[in-house]
Amino acid sequence: MAKGDFLGEFEYIVMLSLIRLGDDAYGMTVRQDIEERTGRPTAVGAVYAALERLEEKGYIKSTAGETTRGRGGRSKTYYAVNKTGLQAVRQTRTVFRRMEKGTETKLGPAFRLKAA
């Protein structure tokens, strides 16, 4: 796997959130999803910085939604993971699973991995 194909921890979390949220994936829903699932506060600026990096890498695509009066006429920007992004998520998951193998006795039975 090339170095550029490996996602950092936060990028990986953002990508998983985008996949999970599907058509409802925009900055604030991504931030809320990450906070709910990780239990850690997440700055919306960090989310947008990661989204920008992921788009620059060619892993996601953004599209502008309709403008709304409640947002002062601004539109939400929605994000979707493309094929290249899905491949990067799969490769990162594989790396993490490989790294976890052999740690089960220290981490406990709840962390036992199925064959990858």
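The structure holds 2 aromatic pairs, where rings of Phe, Tyr and Trp (its six-membered ring) pair if their centres lie within 6.5 Å. In one of them, the ring centres of Tyr26 and Tyr78 lie 5.5 Å apart with the planes at 75 degrees, so this pair is edge-to-face (planes over 60 degrees apart count as edge-to-face, those under 30 as stacked and the rest as tilted). The pair joins distant parts of the chain, with Tyr26 in the loop between α1 and α2 and Tyr78 in strand β2, 52 residues apart. Tyr26 is buried, with a relative accessible area of 15%, whereas Tyr78 counts as partly exposed at 24%; here buried means under 20% relative accessible area, exposed over 50%, and partly exposed in between (1.4 Å probe, protein chains only).

The model is a predicted one, in which local features need pLDDT of at least 70 and side-chain atom pairs count only at pLDDT 80 or more, while totals for chains, interfaces and linings use all residues. Residues are numbered from 1 along each chain as its sequence is written, and side-chain values use heavy atoms, with hydrogens and water left out.

The protein chain has 5 helices and 2 strands, taken as DSSP runs numbered from the N terminus (helices: H or I, at least four residues; strands: E, at least two). From the N terminus on, these elements follow the order α-α-α-β-β-α-α. Of the 116 residues of the protein chain, 27% count as buried. Among contacts in the protein chain with a separation of 6 or more, 51% come from residues 24 or more positions apart, a contact being heavy atoms within 4.5 Å.

The helix packing can be followed from α1. Its axis and that of α4 come within 11 Å and cross at roughly 125 degrees, with α1 spanning residues 9–21 and α4 residues 83–100. Axes here are lines fitted to C-alpha atoms, for helices over the stretch in contact, and angles run from 0 to 180 degrees between N-to-C directions. Helices α1 and α4 are therefore oblique to each other; angles under 35 degrees count as roughly parallel, over 145 as roughly antiparallel, 65 to 115 as roughly perpendicular and the rest as oblique. The crossing of α1 and α4 is left-handed, a term used if the near helix is turned anticlockwise from the far one by less than a right angle, with right-handed used if clockwise. On the α1 side the contact is made by Tyr12, Met15, Leu16 and Ile19, and on the α4 side by Gly85, Leu86, Val89, Thr92, Arg93 and Phe96. These residues of the α1 and α4 contact divide into 7 nonpolar, 2 polar and 1 charged (Ala, Val, Leu, Ile, Met, Phe, Trp, Tyr, Cys and Pro count as nonpolar, Asp, Glu, Lys and Arg as charged, and the others, Gly among them, as polar).

Helix α1 also meets α3: their axes come within 10 Å and cross at roughly 85 degrees. That places α1 roughly perpendicular to α3. Phe10, Glu11, Val14, Met15 and Leu18 in α1 are in contact with Ala46, Val47, Ala50, Leu51, Arg53 and Leu54 in α3. By class, the α1 and α3 contact has 9 nonpolar, no polar and 2 charged residues.

Helix α3 (residues 44–56) in turn packs with α2 (residues 27–38), the axes coming within 9 Å and crossing at roughly 115 degrees. Helices α2 and α3 are therefore roughly perpendicular to each other, and their crossing is right-handed. Gly27, Met28, Val30, Arg31 and Ile34 of α2 meet Val44, Val47, Tyr48 and Leu51 of α3, a contact with 7 nonpolar, 1 polar and 1 charged residues.

Arg31 lies in helix α2 and counts as buried at 16% relative accessibility. Leaving aside neighbours within four places in sequence, Arg31 is in contact with Thr42, Ala43, Val44 and Val47. Arg37, found in helix α2, is exposed, with a relative accessible area of 55%. The C-alpha atoms of Arg37 and Ile13 are 9.7 Å apart, the residues being 24 apart in sequence.

Finally, Ser75 belongs to strand β2 (residues 75–81) and is partly exposed at 23% relative accessible area. Its C-alpha atom is separated by 5.4 Å from that of Gly65, 10 residues apart along the chain. Beyond neighbours within four places in sequence, Ser75 is in contact with Ala64, Gly65, Glu66 and Thr67.
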